[in-house]
Amino acid sequence: MNTNDALYTYCVRLADTAVILSQRFCEWCGHGPILEEDIAMSNMGLDLIGQARGFYAYAAALENKGRSEDDIAFHRNEREFTNRCMVEQPNYDFAYTMVRSFLHGAAAYLQYRELTKSGDETVSGLAAKSLKEMTYHVRHSSEWLIRLGDGTDESKVRVQNAVDDLWQFTDELFEMDEVDQMLIRNGIACDLTQLRQEWDQMVDEVFSKAGITKPAPGGFQSKGGMKGMHSEHLGHLLSEMQFLQRAYPDAKW
Amino acid sequence: MNQQIIQEDDIRREEEFNARIAAGKTIEPKDWMPERYRRQLLRMMSQHAHSEVVGMLPEGNWLTRAPSLMRKAVLLAKIQDEAGHGLYIYSGAETLGTDRSEMIDQLLSGKAKYSSIFNYPTLNWADMGAIGWLVDGAAIVNQTVLAKCSYGPYARAMVRICKEENFHNKQGYQIMAVLMRGTKAQQEMAQDAMNRWWWPSLMMFGPPDKDSPNSGDLMRWKVKLQSNDDLRQRFIDRTVPQAEAIGLRIPDDKLKWNPQTRHYEFGEINWEEFNNVIRGNGPCNKLRLKQRRDAHAEGNWVREAAAAYAAKHARA
């Protein structure tokens, strides 16, 4: 593996995470609890598609085999997808959606903030754009966590359940491997382990305002999304997302 | 005696109102208006807002299956625009004295109507093209005229909305053009969508003038500025050459250009189908209402939580 290969993999991982979460936001479109939230979730979905396109396009350029962003997004199977498992978890309800958005969003916010200092100009440029977007995604989801945690008895139970169920995907948000290590050495990527403490502070602050109890350490933690190890949900999401490209492989859209 | 004064006062105010409209001025929310005018505007605007919101559903049906990231982004942006239009028109309608929540209750109870076009299913990807090109194209023809209507908030909303609708129209046509340049399967997809959406799009302009109730008042009040048949003709005249340019066949054997009138002649619209769909007997009437009701019911606890939180912190 050379730096170019590592950077390709790194960009595809970021893009995969963005596109899968975007797909989950798309599922809400037309079904939101109020019209304003429908618009907000579409907005976040759009931001994430934009992020995915930027990183896929850069990956395709690095690979230099004539593949497009769509070839990468629509022509890989679930074991080849490298997104964080958090983002493929189903919407279930608005509380799950907001908790997922917050837990992932806070980590993505910190990662993009560090990547704005990347020695790779394309990565730092894409990170700067993504950072602005993740800043308000985190603001939006954290406000909802507080509102739901401090709302009614029902909303409090729902938001706590979502936190309890999604907590098993939090360690993975900071998982790294030899790809990260190589790019850290080359000044392109950032060390996620160093962001964990700050993420914990962000989470603690919001949970405290919301009256949400942070799950005790020691429970099961999922691993390996970046290596293609996923939950059962991803295959279904991809079979829907990739349907037309797979059914008509010779077509241009 | 008092009764007589009130009546005379109303007559005078209605004369002033009519004079204002005749002079081409707009009516604003705080201006006096006849009750029938207010009710009519409220009915039109709330139906329009409901149509934007229900209209998100048939396109949302293909959002998660959009065939490329670019198409997904464009479609999502377009549907988001529609949600925005809904919000904008609901706000405009609220200036007439009815809350959004009350209008939504009327939609969910089945009392209020929305555009019947959304009671047809989206069955292949080309339907996204047909909706943007034909349905939004028909909406533009209607709304460009509404942008000159006498009620200020509605007219101004239409100016802004038409700008976005033009983008929707173009992206729809572009989807169709790309499909028609594509594989045989894609061309068949496009023609299939054309066949299913053409006639319902023509019905969007409403019943023929001879059967259109209360057009008289609406025309005089400049709520309606052109007749259903005139607008329908304008839509056909501008759309047929666009179809021909990309090789799509219009599913109407009687369609032909009349060089004398400089308009297309076209076949008989199936008004029985139109009336059936309006009465609730279309392919997706039940589904669309169920989708809206489910979203509303499932969102209930979220709205309650937000209200409870707001109330707690307003007191604090």
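1. A starting point for reading burial here: a residue counts as buried if 20 or more other C-beta atoms lie within 10 Å of its own, as exposed if 12 or fewer do, and as partly exposed in between. Keep in mind that this is a predicted model. With 8 C-beta neighbours inside 10 Å, B:R262 therefore lands in the exposed class. B:R262 sits in the loop between β1 (256–258) and β2 (263–265) of chain B, and has a phi near 60 degrees, a positive value in a residue other than glycine.

2. B:K222 is another one to look at on the backbone side. Its phi is near 55 degrees, again positive in a residue that is not glycine. Where is B:K222? Look in the loop between α9 (215–220) and α10 (228–246) of chain B. There are 18 other C-beta atoms within 10 Å of B:K222, so this residue is partly exposed.

3. Now chain B as a whole. Chain B has 13 helices and two strands. Its radius of gyration is 22 Å, close to the 20 Å that the globule rule gives for 316 residues, so chain B is as compact as a globular protein of that length. Along the principal axes, the C-alpha trace of chain B spans about 75 × 65 × 35 Å. Buried residues make up 41% of the 316 in chain B. If you take the contacts in chain B with a separation of 6 or more, 74% of them join residues 24 or more positions apart.

4. In chain B, the axes of α4 (residues 69–94) and α7 (residues 152–180) come within 10 Å and cross at roughly 170 degrees. That angle makes α4(B) roughly antiparallel to α7(B). From α4(B), the contact uses B:V74, B:K78, B:D81, B:H85, B:Y88, B:I89 and B:G92. On the α7(B) side you will find B:P153, B:Y154, B:A157, B:I161, B:E164, B:H168 and B:Q171. By type, the residues of this contact are seven nonpolar, four polar and three charged.

5. Helix α5 (residues 100–108) of chain B deserves a quick look too. Which residues of α5(B) are buried? They are B:M103, B:I104 and B:L107. Viewed down the axis of α5(B), these buried residues fall within an arc of 100 degrees, so they line one face of the helix. The buried residues of α5(B) pack against α2 (35–54), α4 and α12 (285–298) of chain B. On the face turned away from that buried side, α5(B) carries the exposed residues B:S101 and B:E102. After α5(B) comes B:G110, with a positive phi near 90 degrees.

6. Last, the interface between the chains. Here 41 residues of chain A are in contact with 38 residues of chain B. Several elements of chain A each supply at least two residues of the side that touches chain B, namely α1 (3–28), α2 (35–63), α3 (69–74), α6 (121–149), α7 (153–166), α10 (233–241) and α11 (243–247). The largest share of that side, eleven residues, comes from α2(A). By type, the residues of the side of chain A that touches chain B split into 18 nonpolar, twelve polar and eleven charged.

Notes
Residues numbered from 1 in each chain as written. Chains lettered and ligands numbered in written order. Predicted model: local features only at pLDDT ≥ 70, side-chain atom pairs only at ≥ 80, totals over all residues. Contact = placed C-beta atoms within 7 Å. Helix = DSSP H or I, 4+ residues; strand = E, 2+ residues; numbered from the N terminus. Nonpolar A, V, L, I, M, F, W, Y, C, P; charged D, E, K, R; others polar. Rg over C-alpha atoms; globule rule 2.2 N^0.38 Å. Axes fitted to C-alpha atoms, helices over the stretch in contact; angles between N-to-C directions. Parallel < 35°, antiparallel > 145°, perpendicular 65-115°, else oblique. Arc of directions from axis to C-beta.
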